[in-house]
Amino acid sequence: SSGRNPAHPHPFFSPDGKKLVCMFRKKDAAEIEREKDEQKKKLGVVSRHITRVHFKEDGEGFLPKERWHIWTIDAVTGKGKQLTDSDIFDEWFPRWSPDGRKIVFCSNRAKDPDLDLDTFDFFMIPSSGGDFRKIKTPLGVKFGPSFSPDGKWLAYYGMEGRGRWWRNLRLWIVPTEGEGRAKNLTEKFDFNISSETLNDLPGSPAMMLPTWSKDGNRIYFQVAHHGNTTLKSIGIEGDKGSLNDVIDTKGVVGEFNFDKKQLKLAYFHADIKSPGDIWLRDIVTSRSRRLTEINDTLLNELNL
């Protein structure tokens with residue numbers, strides 16, 4: 001979609017643990033037909049009818065005709081239910097509201113999404129299915145929606161404007177109900193929100209969703225800056241005094257996760273001499289300790 005796909009396309013449990021939500025792309029009918037017919041399977045693809053501009057991707061090859069859509073799955077029975085459908089549009093990044101009654105997703109609903117790459121919007125749909133509505137946000141690439149604990153706000157990553165892919169990626173919040181405007185929390189700062197310290201390589205550290213504090217007053221996010229990926233947090237008022245460095249040691253902060261009380265933070269960290277380990281940080285004392293020593297035996301034999 002945007003080249004930045006945090007936590008994608010993994011399924012997510014509903015708040016009550018009874019269902020999962022995920023993106024799912026069906027197998028093309030022609031491919032199913034080939035699998036059922038040994039002769040067709042042996043021949044393989046003998047011709048292609050290209051009907052869209054975005055017809056292939058690096059690392060994936062020719063794309064199927066089917067699109068990504070939103071499904072829920074019963075966690076006990078495994079039965080799936082399709083919530084969205086289209087031959088033209090894809091839907092990405094589904095997330096449950098805290099009460100489990102709604103699901104937000106991202107989609108480019110331009111007349112021809114392949115020719116208007118910046119027309120991304122967020123949409124809210126009942127978790128049981130039905131009509132969806134658009135959440136009003138500025139024009140531009142956006143992704144990674146994350147509900148505040150009370151469900152009244154949506155945090156996301158995005159850029160404002162058409163054709164401005166070169167700009168810094170920002171952290172935004174927008175009300176989930178009503179006519180309130182989206183707010184750019186990191187507009188005053190010259191840094192790029194990203195985990196791509198070293199990109200275009202497989203196995204790069206994951207970019208995490210905006211992560212809310214329990215009280216809904218702060219949001220945690222990664223920043224790629226001067227050869228490091230650090231972890232920062234900012235208050236929802238977005239002023240300079242509310243920006244904090246949570247982990248700013250040299251190296252790369254990858255996936256991270258708080259305990260329930262948000263007193264401890266588990267995170268992946270790597271540096272130029274190590275492919276990385278799991279660390280645990282005490283939020284009160286701001287002290288971290290390494291929990292794993294995955295490559296120490298090998299690294300002790302090398303002079304780096």
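User: What makes the pairing of the Thr137 and Lys142 side chains a polar contact?

Analyst: In this predicted model, the two side chains are joined at 3.5 Å. A polar contact requires a pair of N or O atoms within 3.5 Å, so the pairing of Thr137 and Lys142 counts as one.

User: Why is Thr137 called buried?

Analyst: Its relative accessible area is 14%. Buried means under 20%, so Thr137 is classed as buried.

User: Where is Thr137 found, and which residues is Thr137 in contact with, leaving aside neighbours within four places in sequence?

Analyst: Thr137 sits in the loop between β10 (133-135) and β11 (142-147). Its contacts beyond those neighbours are Asp121, Phe122, Lys142, Tyr156 and Val174.

User: Why is Leu304 called exposed?

Analyst: The relative accessible area of Leu304 is 58%. Exposed means over 50%, so the term applies to Leu304. This residue lies in the segment after α3 (296-299).

User: Which residues make the nonpolar surface patch of about 300 Å²?

Analyst: The patch is made by Leu298, Leu302 and Leu304.

User: How do you know what confidence the predictor has in the chain?

Analyst: Confidence is given as pLDDT, from 0 to 100. The mean for the chain is 92, and 95% of its residues reach 70 or more.

User: Which elements have the lowest and the highest mean pLDDT?

Analyst: Helix α2 (residues 38-43) has the lowest, at 90, and strand β16 (residues 211-212) the highest, at 98.

User: Where does pLDDT stay under 50?

Analyst: That happens over residues 1-7, for which the model has 22 contacts beyond four places in sequence.

Technical notes:
Residues numbered from 1 in each chain as written. Predicted model: local features only at pLDDT ≥ 70, side-chain atom pairs only at ≥ 80, totals over all residues. Heavy atoms only, no water. Patch = residues over 30% accessible without salt bridge, like charges linked within 9 Å, V, L, I, M, F, W, Y side chains within 5 Å. Areas by Shrake-Rupley, 256 points an atom, 1.4 Å probe, with all protein chains shown as cover. Salt bridge = Lys/Arg side-chain N within 4 Å of Asp/Glu carboxyl O. Helix = DSSP H or I, 4+ residues; strand = E, 2+ residues; numbered from the N terminus. Buried < 20%, exposed > 50% of the residue type's maximum accessible area, 1.4 Å probe, protein only. Contact = heavy atoms within 4.5 Å. Polar contact = N/O pair within 3.5 Å; in protein donor to acceptor, adjacent residues only side chain to side chain.
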